[in-house]
Amino acid sequence: MARISREYVRLALAIGQHDKDYVDAYYGPADIRKEAEGANLTLETIGRSVGQLSEWIKGVAADGNEALARLRHQYLEKQLSAMGARVRMLKGERLSFDEESKALYDVVAPTYPDAHFQEVLDRLEKHFPGNGSLVERYDAWRRSFVIPRDKLDTVFRAAVAACRERTLARIALPSTEHFTVEYVTNKSWSGYNWYQGDFRSLIQVNTDLPIYIDRAIDLACHEGYPGHHVYNALLEQHLVKERGWLEFTVYPLFSPQSLIAEGTANYGIEVAFPGHERIDFERTQLFPLAGLDPDGAAEYYEIMELVDELSYAGNEAARRYIDGRIDRDAATAWLERYALMPHDRAAQRVRFFDQYRSYVINYNYGKDLVRTYIESRGGTADHPERRWQEFEMLLSSPRLPSSLR
Ligand SMILES: [Zn+2]
């Protein structure tokens, strides 16, 4: 397994030479990187080697009988299969949206008819009477919940501090863990965690578009605690440092690992701020720091909860767009109408589809699968201690998306 693991890392880094988004993080030995970069392998050669490695691992038993060792074996096998699919895509093979998500992320997300979203929109209509399209009325209302640019850093840091405190009360992290925050522009995403190894992350927040108050907690939990930063730190601590499993020093973005990463990062928001705790914190802390009227907090979150029911509308737009059933303008218009995204945000989202394609399912379907898995193991909202334990175990082990159901 050690030799397979090293070869897996080398091939992931070799793909990174052809696909700038593929290697999301690497903090393993420098000589493997040097070897991969120096070899200048063609996609043809990489594809053949991935195929050979996939055959090799099938004929090798897991190292030991321990559950974690078996998970490692299954995980590596599936990660390799996704790696082969990504290479075929880079060579020009076209997969449908669902074929691609199955091949890369090990699951197919459910499909919803337009009527499903229309029913949610009808409920939202009642909150925003008046003329013009619903998205215009919704956007006009929501504008008074934007964090002013000069208060953004203060608000974001307060959110991070709260998420960190709540997480550290439940999960033991290495004492040296920390991350830095940067504000950037001209990206297709709204936030990003770049894990750098040694329990450090760089978190970037995109300020191209206005940032609403709810994004402070969302981003702080998702990118930081108990989301990506904690996930990466726990994998490094338990699998890399304690066990020497080299494959976890590389994070190939277009792989099943991303469903676990995004799903836990999104589910982690409600783990850290269950029930009313979030609104209480927002009303008393974040709204005043942002200079917003705290009396609006309850209504704001009531609406946002409804809007959240539209999250799969984004998948529908992506599925139709990637499958070539609608063009860029139609995808943008669809997001405006069914996902209630103002025009500039919808256009940004379609640029995200261009860059990341079926990756979109990792956020909402990933979150739903993680919730199902944790609740099926007793980690319900009524049992917060159990929920944190199950959450930490999931973050610390190589579990496959298809095994969450
Ligand atoms: Zn993320």
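This is a predicted model: local features need pLDDT of at least 70, side-chain atom pairs count only at pLDDT 80 or more; totals for chains, interfaces and linings use all residues.

Reply: Let's begin with pairing: two strands pair if DSSP finds at least two bridges between them. By that rule, 3 strands form an open sheet here, ordered β2-β4-β3, with mixed pairing. The twist averages 20° from one strand to the next.

Me: What makes β2 and β3 edge strands?

Reply: Each of them, β2 (178-184) and β3 (191-197), pairs on one side only.

Me: How do you know that β3 and β4 are paired?

Reply: The cut-off is at least two bridges, and 6 bridges join β3 to β4 (residues 200-206), so the pair qualifies. These two strands run antiparallel. One of the bridges has G197 with R200 of β4 as its partner.

Me: Why do you say that α10 packs on the sheet?

Reply: Contact means heavy atoms within 4.5 Å, and α10 touches β2, β3 and β4, so we say it packs there. The direction of α10 makes about 20° with that of β3.

Me: Now the metal. Why are H222, H228 and E262 called donors of the zinc ion?

Reply: A donor is an N, O or S atom within 2.8 Å of this kind of metal. The atoms here are NE2 of H222, NE2 of H228 and OE of E262, at 2.1 Å, so they meet the cut-off. Water is not among the atoms, so the site may look incomplete. In sequence, the spacing of the donor residues reads H-x5-H-x33-E.

Me: What makes H228 and E262 a link between distant parts of the chain?

Reply: They are 34 residues apart, with H228 in α10 (residues 228-241) and E262 in α11 (residues 256-272). Both H228 and E262 are buried, which here means under 20% relative accessible area.

Me: Last one: α15. Why are its buried residues said to be on the same side?

Reply: The buried residues of α15 (residues 328-338) are A331, T332, W334, L335 and Y338. They cover an arc of only 160° around the axis, and that puts them on the same side of α15.

Conventions:
Residues are numbered from 1 along each chain as its sequence is written. Side-chain values use heavy atoms; hydrogens and water are left out. Donors are N, O and S atoms within 2.8 Å of the metal (3.2 Å for Na, K and Ca); water is not among the atoms, so sites may look incomplete. Helices (H or I, at least four residues) and strands (E, at least two) are DSSP runs, numbered from the N terminus. Buried means under 20% relative accessible area, exposed over 50%, partly exposed in between (1.4 Å probe, protein chains only). Axes are lines fitted to C-alpha atoms, for helices over the stretch in contact, and angles run from 0 to 180 degrees between N-to-C directions. The arc is that of the directions from the helix axis to the C-beta atoms.
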